[in-house]
Amino acid sequence: MINADPQELAKFGELAHRWWDPESEFKPLHQINPLRLAWIDGLCPLAGLTVLDVGCGGGILTDSMARKGANALGIDLSTKPLKVAQLHAMEAGTANVDYREIAVEALAAERPASFDAVTCMEMLEHVPDPASVVRACAELVKPGGWVFFSTLNRNLKSFLFAIVGAEYVLKMLPAGTHEYARFLKPAELAAFAREAGLELHSAKGLGYNPLTQRYSLNSDTDVNYMIACRRPA
Ligand code: SAH
């Protein structure tokens, strides 16, 4: 049994051709990318590192980590976004970036402890068994390496902001993009990470201001948030 929801993969496949259009459904990912990239690179300077991006989609984060000098591999289980990611790397002339269609659990069995850093952003909330993804990420990182996750918190505020606001009022995302029941509280994600042998380093919130239409990094993890973990050396 593969840990994926075919409907979720199909949803991203249908939109794939618009992935690199900064005004498309993927606008929020384009907007948050410089913020998350700077946070990751600040904790774990990427130049020269071997990094894995799990659930990479069209490669917005993967490509930007390669442009920081990392040797980056992006994996996903949706075929079209991966093709778009490859095409983008060719057109943009991004060096040191590669993409593969493989489950994170399968890659963990194939080459454990082989990445200096693993990122898994905005993906866990689309997967049937997120704890299994967290475990695989922990197996893939080298001792002493970093693992970064981002997802959506589960509470009334995140329901109102991430589903009602983003999908129905502001129409920033297509209706049905997110399923509330799959959102993860920071304590739940932290427990998955600890059970996988990772140490929690820090957390950041990603806030959206609908008036200025800008995102910012803050300490409010109520809606969209990221956590940084380390595998003990
Ligand atoms: N991480 C990227 C894309 C987020 S969109 C970014 O933040 O920019 C969510 C991605 O997760 C999609 O590309 C989707 O195909 C992928 N995904 C969903 N379920 C998956 C699974 N089980 N395994 C791998 N990727 C998955």
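Sorted by class, the shell around the ligand comes out as 10 nonpolar, 5 polar and 3 charged residues. Here Ala, Val, Leu, Ile, Met, Phe, Trp, Tyr, Cys and Pro count as nonpolar, Asp, Glu, Lys and Arg as charged, and the others, Gly among them, as polar. Keep in mind that this is a predicted model, where local features need pLDDT of at least 70 and side-chain atom pairs pLDDT 80 or more, while totals for chains, interfaces and linings use all residues. Numbering starts from 1 along each chain as its sequence is written, and side-chain values use heavy atoms, with hydrogens and water left out.

So who is in that shell? There are 18 residues around the ligand, and the closest are Asn3, Arg36, Gly55, Asp76 and Met121; to be counted, a residue needs a heavy atom within 4 Å of the molecule. Helix 1 (6-15) and helix 2 (27-43) each bring at least two residues to the shell, helices being DSSP runs of H or I with at least four residues, numbered from the N terminus.

Now for the polar contacts, meaning pairs of N or O atoms within 3.5 Å. Asp76 puts a polar side-chain atom 2.7 Å from a ligand oxygen. Arg36 has a side-chain N or O atom 2.8 Å from an oxygen atom of the ligand. With Gly57 it is a polar backbone atom, 3.5 Å from a ligand oxygen. On its own the ligand would expose 580 Å², and the protein buries 98% of that, going by Shrake-Rupley areas with a 1.4 Å probe.

On to the aromatics. The structure holds 7 aromatic pairs, a pair being rings of Phe, Tyr or Trp (its six-membered ring) with centres within 6.5 Å; planes under 30 degrees apart are stacked, over 60 edge-to-face, and the rest tilted. Trp146 and Phe148 are a stacked pair, 5.8 Å centre to centre with 10° between the planes. Trp146 is buried at 8% relative accessibility, and Phe148 is buried at 0%; buried means under 20% relative accessible area, exposed over 50%, and partly exposed in between (1.4 Å probe, protein chains only).

Tyr208 and Tyr215 make a tilted pair, because their planes meet at 45°, with the ring centres 4.7 Å apart. Tyr208 is partly exposed at 24%, whereas Tyr215 counts as buried at 18%.

Elsewhere, Phe12, Trp19 and Phe26 form one aromatic cluster. Finally, the charged end of Lys157 sits over the ring of Phe161, 5.8 Å from its centre; the cut-offs are NZ of Lys or CZ of Arg within 6 Å of the ring centre and within 35 degrees of the ring normal.

Conventions. A polar contact is a pair of N or O atoms within 3.5 Å; within protein, one must be able to donate a hydrogen and the other to accept it, and residues adjacent in sequence count only if both atoms are side-chain atoms.
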